[in-house]
Number of protein chains: 2
Amino acid sequence: MDRILATYRVAAPESESRARAEALAAEQSVEMPVAAITDERVLEEIVARVESIRPQAHGFEVVLGIAPATTGNEASQLLNMLFGNCSLQPEVELVDVAFPAGYETNFPGPRFGIEGIRKMTAAKARALTCTALKPQGSTVEHLAGLARNFALAGIDVIKDDHGLANQAFSPFARRVAAVQRAIAKANRETGGNTLYAPTFSGAPAALREQARVAKSEGARMALLAPMLVGVPAFIELQAELDLPILAHPAFGGATRIAPPLLLAKLFRLFGADATIFPNHGGRFSYSRATCLAIATAAREPWKGLRPVLPVPAGGMTVERVPEMLEGYGVDTMLLIGGGLLTAGERLLEKSRDFVRKVAEPNA
Amino acid sequence: MDRILATYRVAAPESESRARAEALAAEQSVEMPVAAITDERVLEEIVARVESIRPQAHGFEVVLGIAPATTGNEASQLLNMLFGNCSLQPEVELVDVAFPAGYETNFPGPRFGIEGIRKMTAAKARALTCTALKPQGSTVEHLAGLARNFALAGIDVIKDDHGLANQAFSPFARRVAAVQRAIAKANRETGGNTLYAPTFSGAPAALREQARVAKSEGARMALLAPMLVGVPAFIELQAELDLPILAHPAFGGATRIAPPLLLAKLFRLFGADATIFPNHGGRFSYSRATCLAIATAAREPWKGLRPVLPVPAGGMTVERVPEMLEGYGVDTMLLIGGGLLTAGERLLEKSRDFVRKVAEPNA
C-alpha cells in the first residue's frame, strides 16, 4: 500500500532542513538511529521516508511518507505516528495528511453527515440554526425553559453548552430527560423538528451509560469533544450511538495541528457529522482563511466519506448572519449561544429573529 | 469548598490584562457574557474568579479560581474547565494548577509509586534502569531476543517502544507472550527481577482485552500514553489493571500546558506510577530547569499521593549516566533505548555497562 503523506512545518534554519527532516522521519517511525537498523525489511517498509522538503518563510515544510502498517489501522496509533513524539518538539507543526486509497475504510466516517442531519430537521435547502443551553450551574428547570423557547422559535439544533457535563447542579440523566421533554412538547405545538444534542463526557463506562439514557429519553443528536473524551473512546461510542454527532473543538490545542486538519478532516474520518469551530471575528483568533479552509475540508468530496456540517461559533451574533451565510453558504449550521441569551426577557423574539434571518437572508 | 487555582500565561498587552483575564474567567466557566447572567447563585458559585494578575516579560500571568463543582469531579470535565476552550487561543498557556484540600480524592493517584516499583525490582537504594524494545516492524522473535539480552544484563524495566501497538508485524498478544517468556527465563537464570511493560493502545475495548492478555501472560507493568488513549480511558484502565503504569508523553503537545503540570502533576493525579519525559540535551528541546521541575513535581510530597518515578529519556546515552544521576538523584529511572541498540553485536555488553554505571556511579 502507498504511504500516508504527512506534511509538517518545521521552524528551523533551511540549511538544516535535510538533517531535521531525516530526524523527524526516524522520530515518527522507528524512533532510533536508522544506522543501527540491520533488518532490510524494516528499513524498506517501516522507516518513514522524506518525500519532499520545501523552503518556507520561517523554516521549511517537509512531507513524510509513513507506512500505513505502522498505524495498526487504529486511531490512537495513527495519531501517535502522525504527531506522537514530535508534538513535544515546539518547532514542529502538523499541517496536513493524505491517506492512500482505501485506508479510510479502517475508520467509521460520518454516519449521517449533512444530508442525514437535513433529513432529521425541516431544513431542506437553507442553512441550519443552532444554539446552546447555558450557563452551567443553572437548574435543570431553567435549562428546560430555555430549550422550550429556542424550540418554539424553530431553531434546528439545541445543544448543551460543552461545559454541561454530569455535575451535581444538572446531572446528565435528569437534564436530558427534562430538556428533551420540553423540546418534544414545543415540537408538537409548532409542528417543528428541533433536535437536542446533550453533551457526553467522562470515562468510557460513563459514555455508554449516557448513550443509554439519551436514547431512552429520545434525544436525537449528541455533542462530544473528541480531544477531551479521547479519540478512541469517541470512535467506540460513535459505533454504538447511532445518532448524529456534533464534535466540539475543546482541548484541541491552538496552533500545533492545523485546525482544518484536526477539526474537519480527522474528526470527519473519526465519525463526526458536524464540527464546531471558532469563527473569525469572535472570541478566538482563527483567520477567515483558516475558517473557510475548515468548512472546505468538512464538506469537499473526500474518499466517499459523507460531507460534514461546518458549525462556525464562538461569540457570534444575529447581526452577523448575512455575512456568515455569504461566507459559508447554505451547507452550514450557524451557532449563536450567548448572542441570544443576552436578550434576556426577549429571548423568544431574538431567537425567532435568528431563525428568520437564516431562512430568508434577503428579506 | 475552595476554588481550584489555575495559573495561565497570556501573551497580550498588559494594558488589556484586566479585560482579558475577565474574558478568560468567563470562557473557562459559563462561556457567555457574565452581564447576561441573572441567577445570583451562578454569579457567586459558578463563574470563575480572577484571583490575581501579575505582569510578566511578554504579557501577564493570571490566576483563575475555578469552582470545583463545575468539573463534575471527573477528568475529562476537569481538563475542559482548565484548558478546554482556551486551548484554542494561541496566546494562552496553562502553567500550573493547585487543587483545594480533598479534591484529589476524586482521582486514583499512583497505586504503586516509587516505593511499589522498587519492591518489584532488585533496586533498593539506587536509581533504576529502563530500556525499550525497538524498532517497530521487527518480528516478535527479534524483540524477544532483545528482551532476553536486556534482562540478562539486569536492566530493571524493559518497555515496548511506544510505537509498538497492535500492528500485524508484532501483534500485542503474540508479542507480550514471547517477550514476557524470554524475560522470565532470563530472570530465572540470573535470579533477577526484570519487569516488562508492554505498550497498551487503542479503544477502550481493546485496552480491556490487552489488560487480560498482559495479566494472563504475567507482564508486571504497563506503558500507556494518556493523551493518545485519552485520559478518561487511562483512568478507567488503571482501576482494573492493578499493575504499575509507566506514562508516555506522546501527543502531549510541547508548549501549551507546562510540562511539569501535565507530565508530572496531572499524570500523577490520574494514576501514573512513573512518567517518561524528554530529557534536556537529547532529541527534544526541554530545558534543564523544565526537566528538573518535572522530576520535582513527580516526587515532592503532594496531598498524600504516592511519589512518581521520573524517567528522563529521548536520545540518552550510557556516557551521560553520571551527569544524569547527579542531576536527578537516585529516585529516578534512566531510560536508554537507541543508545543501547546502536551497540549491535555488543548489546549485552553495553547493557551491562549501563546497569553497572547506574549501580556504582562512583566506580
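Visitor: In this predicted model, what is the bridge partner of B:Cys130 in β12(B)?

Guide: The partner of B:Cys130 is B:Leu335. In β12(B), B:Met333 is likewise the bridge partner of B:Leu128.

Visitor: What makes β5(B) and strand β12 (residues 333–335) of chain B a pair?

Guide: Pairing requires at least two bridges between the strands. Three bridges join β5(B) to β12(B), and the two strands run parallel; therefore they count as paired under the criterion of at least two bridges.

Visitor: How do you know that β5(B) also pairs with strand β6 (residues 157–160) of chain B?

Guide: Four bridges join β5(B) to β6(B), again in parallel, and the threshold is at least two. Within this pairing, B:Ala132 stands opposite B:Lys159 of β6(B).

Visitor: Why are β7 and β12 of chain B said to stand at the edges?

Guide: The open sheet has four strands in the order β7-β6-β5-β12 (chain B), with parallel pairing. β7 (195–197) and β12 each have a single partner strand, so one side of each lacks a neighbour in the sheet. On average, neighbouring strands of this sheet are turned by 25° against each other, direction ignored.

Visitor: Why is strand β5 (residues 128–133) of chain B called largely enclosed?

Guide: A residue counts as buried when its relative accessible area is under 20%. Six of the six residues of β5(B) are buried, so the strand is largely enclosed by the rest of the structure.

Terms used
Residues are numbered from 1 along each chain as its sequence is written. Chains are lettered from A and ligands numbered from 1 in the order in which they are written. This is a predicted model: local features need pLDDT of at least 70, side-chain atom pairs count only at pLDDT 80 or more; totals for chains, interfaces and linings use all residues. Side-chain values use heavy atoms; hydrogens and water are left out. Buried means under 20% relative accessible area, exposed over 50%, partly exposed in between (1.4 Å probe, protein chains only). Axes are lines fitted to C-alpha atoms, for helices over the stretch in contact, and angles run from 0 to 180 degrees between N-to-C directions.
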